[in-house]
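Please read the sequence and the structure together. Then work through the short report below them.

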Amino acid sequence: MNIINKLKQHPNSWTKFLAGNGSRKPKLFAWTYFKHINSKGIIFSLDAGISFSITLVTVLLFATFLAQTASSTQNEIKNFELEEKAILIADSLVKNYDENNSLLGTCILDIEKKRIRTNEISFSNLINLKPISFGEIYVESITVKTNSFQKTFQIEEKVSNDCISVRRFALIEGEKGIIEVKTCTLK
Amino acid sequence: MYLEITFFSKKGFVFSLEATISLILFVLLLIALPTHQNSSLKELLILQQENDLLRVWSAKESSPQEMLMDTKLLFGETGELWINETQLNKAKSEKNSIASEGIILDNSLVENKIRLIVYYN
């Protein structure tokens, strides 16, 4: 007895169902059973459904991750800009001399040698501090701190919680000290 | 049916086309995920601050104790000072470090090799 006949004898056999229970003419042909394929619509198998669901969840996770990354990158760029400007102003303050705005340079000018004495700050130069801003970024204050004195020069009085301080070491009126530049952003 | 059962009883597994496409898409999405790069100007600032100390010490003669105090004032416990290959203090070690070196002449024109090491995360 071949395998088909064995299967036909099984009470729940589908071959029995298709072949017509051993009769010569089958009761139901395969084309009748699968005729709905020709009808309009789609066939959706279980594995295709699972696959589609997994793909959708993956895309959702990816989109969420991208949104979070975009948000954190935006904050990072903002902080980077603030840090960049703070470092730039602090460096200019201790390395340059500017008679119009001391915020851009408060170093001592050596007229005899025709050069700027970097990291040597004159206290008298600090009186000519004028506000400076780069878009939303501005310098709020400058604090000069040595062993004998400490003074804060308020440049702008705006309300901002997003500030950064940069400390530089210099000779202030011949005394070693720290000059601290506080830079803020309104964003 | 028997043939199908025989087929599944073989070692290995069957991977449908949809599952393969899903897996490829998943792997591609994982590869395409942007990697986080923390951008900061901390290194530049530390380098500038180290340069400040060397510049001030060259302008105003300082004893090793004064230099050590200045280093601690600016960098706290993360700054390490070496004078003529002698370590004056032991800093709190961190993941990264930046070192600056300079030669400063004292009043009697004796060379002093100063090395500053700053540790940071």
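The report below takes the chains in turn, then their contact, then one residue.

## About the model

This is a predicted model, in which local features need pLDDT of at least 70, side-chain atom pairs count only at pLDDT 80 or more, and totals for chains, interfaces and linings use all residues. Residues are numbered from 1 along each chain as its sequence is written, while chains are lettered from A and ligands numbered from 1 in the order in which they are written.

## Chain A

Chain A has four helices and seven strands. Helices (H or I, at least four residues) and strands (E, at least two) are DSSP runs, numbered from the N terminus. Along the sequence, the pattern is α-α-α-α-β-β-β-β-β-β-β.

Chain A has 187 residues, and 20% of them are buried. A residue is buried if 20 or more other C-beta atoms lie within 10 Å of its own, exposed if 12 or fewer, and partly exposed in between; C-beta atoms are placed from the backbone. Two residues are in contact if their C-beta atoms, placed from the backbone, lie within 7 Å. Take the contacts in chain A between residues at least 6 apart in sequence: 50% join residues at least 24 apart.

## Chain B

Chain B has four helices and four strands. Its pattern along the sequence is α-α-α-α-β-β-β-β. Of its 121 residues, 20% count as buried.

Helix H3 of chain B covers residues 42–59. How far apart are its end C-alpha atoms? They are 26 Å apart, which agrees with the 26 Å that 18 residues should span at 1.5 Å a residue. The expected span is 1.5 Å times one less than the number of residues. Buried residues of H3(B) include B:Leu45, B:Ile46, B:Leu53 and B:Trp57.

## Where the chains meet

The contact takes 29 residues from chain A and 27 residues from chain B. Several elements of chain A each supply at least two residues to its side, among them helix H1 (3–9), helix H4 (46–95) and strand E2 (115–121). The largest share, 16 residues, comes from H4(A).

The residues on the chain A side divide into 14 nonpolar, six polar and nine charged. Ala, Val, Leu, Ile, Met, Phe, Trp, Tyr, Cys and Pro count as nonpolar, Asp, Glu, Lys and Arg as charged, and the others, Gly among them, as polar.

## One residue: A:Arg117

A:Arg117 is found in strand E2 of chain A. Why is A:Arg117 partly exposed? Because 16 other C-beta atoms lie within 10 Å.

Leaving aside neighbours within four places in sequence, A:Arg117 is in contact with A:Cys107, A:Ile108 and A:Asp110. A:Leu104 is 13 residues from A:Arg117 along the chain, and their C-alpha atoms are separated by 15 Å.
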